[in-house]
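Dear colleague,

I am handing over the structure we spoke about, with the sequence alongside. Please look through it first; my notes on what was found follow below.

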Amino acid sequence: MTTPLSTEGSCSGRVAIVTGAGRGLGAEYARRLARAGAAVVVNDLGVGLDGENDGTAPADAVAAEIRAAGGQAVASGHDISSWKEAEQLVGLAVDTFGDLDVLVNNAGVLRDRTIARMTEAEWDSVIRVHLKGTFATTRHAANHWRERHGERPGRVGRLINTTSVSGLFGNAGQANYSAAKAGIAAMTIVASLELGRYGVTANCVSPGAATRMTAALGGDREPDDPTRSPGFPAAVVEWLASRRSDGVTGRVFLTSGRRLSVAAGWEHGTPATPSEDLTELDATLRGLLAAARPNAGMRG
């Protein structure tokens, strides 16, 4: 049964782009924003986790589902890792719905391999889709928000990027993915510093849910566990997309049905007096290491 869409929801009148929205988390984000009243551009290339075309058009299906429920949606097959196509994606939202309020960067691929075995192509493909793709869409959205800032009284922009516990804490076999996701978290903080002048906030979600990506990693021993529902991260995305999150920027939200938290990030440790003498330096560094808390792990 199709869930009726809201005309007076938390995102009523807002325009959103969701990348990688043909399946999994992205599809749930698109549906959730549509139910909250947003007009949604459902972007998906229709490729497998390995980046190869699988012959499907999942964006069309999700957009059609939203329209059938009474919402507004248009499908997009733009490649976000292409500078020109990322610009065209932003243009599609503006041309179709008149503006852009929310950009949710969710698209991604996996090419897992240990560092000693990873190929250049496996490194480049993951960095291209995750890191360049997030930057390309963000850059063109930022340009739109900058140019339209004076013409958008009362409207606020939302940049919602996707990081991962692999990027925040590291995970063996995922040097490419971890580096890309760490880069996205850092870039989001930079965006929060730069885009505030245009009325835009920038935040990250690190979602945990049962999807085809987690299935590929072999991490879902209980895929039907209700705490693995993508609805939990989608609720956080809706909150960030709405005016309820006014003033919240530069933060990373770890969200699943098992845990909800705000990442603390890197921090300066206990300071000590610098030294160029190796013996003194050795004693100082060992003292600092003994006093420092261990690095956080993926499971907290």
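Which residues line the largest cavity? Please bear in mind that the model is predicted. The lining is made up of Thr19, Ile80, Asn105, Asn106, Ala107, His130, Thr134, Thr162, Lys181 and Ile184, and among the secondary-structure elements, those that contribute two or more residues to it are α4 (120–148) and α6 (175–195). By class, the lining residues divide into three nonpolar, six polar and one charged. The space inside the largest cavity is about 30 Å³, and the count of cavities of 30 Å³ or more comes to one.

Turning to the packing, the largest nonpolar core holds 30 residues, and within it Leu33 and Val42 have the most contacts. Two or more residues of this core come from each of β1 (15–19), α1 (24–35), β2 (39–43), α2 (58–68), β4 (102–104) and α8 (231–241), with α1 giving the largest share, six residues.

Val42 deserves a look in the viewer: leaving aside residues up to four places away in sequence, Val42 touches Val18, Ala21, Ala30, Ala59, Val62, Ala63 and Ile66, as well as Ala73, Val74, Ala75 and Ser76. There is also a second, separate core, which has 21 residues, including Val41, Val90, Ala93 and Ala107.

With best wishes

How values were computed: Residues numbered from 1 in each chain as written. Predicted model: local features only at pLDDT ≥ 70, side-chain atom pairs only at ≥ 80, totals over all residues. Heavy atoms only, no water. Core = buried A, V, L, I, M, F, W, Y, C linked by side-chain atoms within 4.5 Å. Buried < 20%, exposed > 50% of the residue type's maximum accessible area, 1.4 Å probe, protein only. Helix = DSSP H or I, 4+ residues; strand = E, 2+ residues; numbered from the N terminus. Contact = heavy atoms within 4.5 Å. 1 Å grid on protein atoms, 1.4 Å probe; cavity = no way out; pocket = protein on both sides within 12 Å on 5 of 7 lines; lining within 4 Å. Points joined across faces, edges and corners; volume = space filled by probe spheres on them. Nonpolar A, V, L, I, M, F, W, Y, C, P; charged D, E, K, R; others polar.
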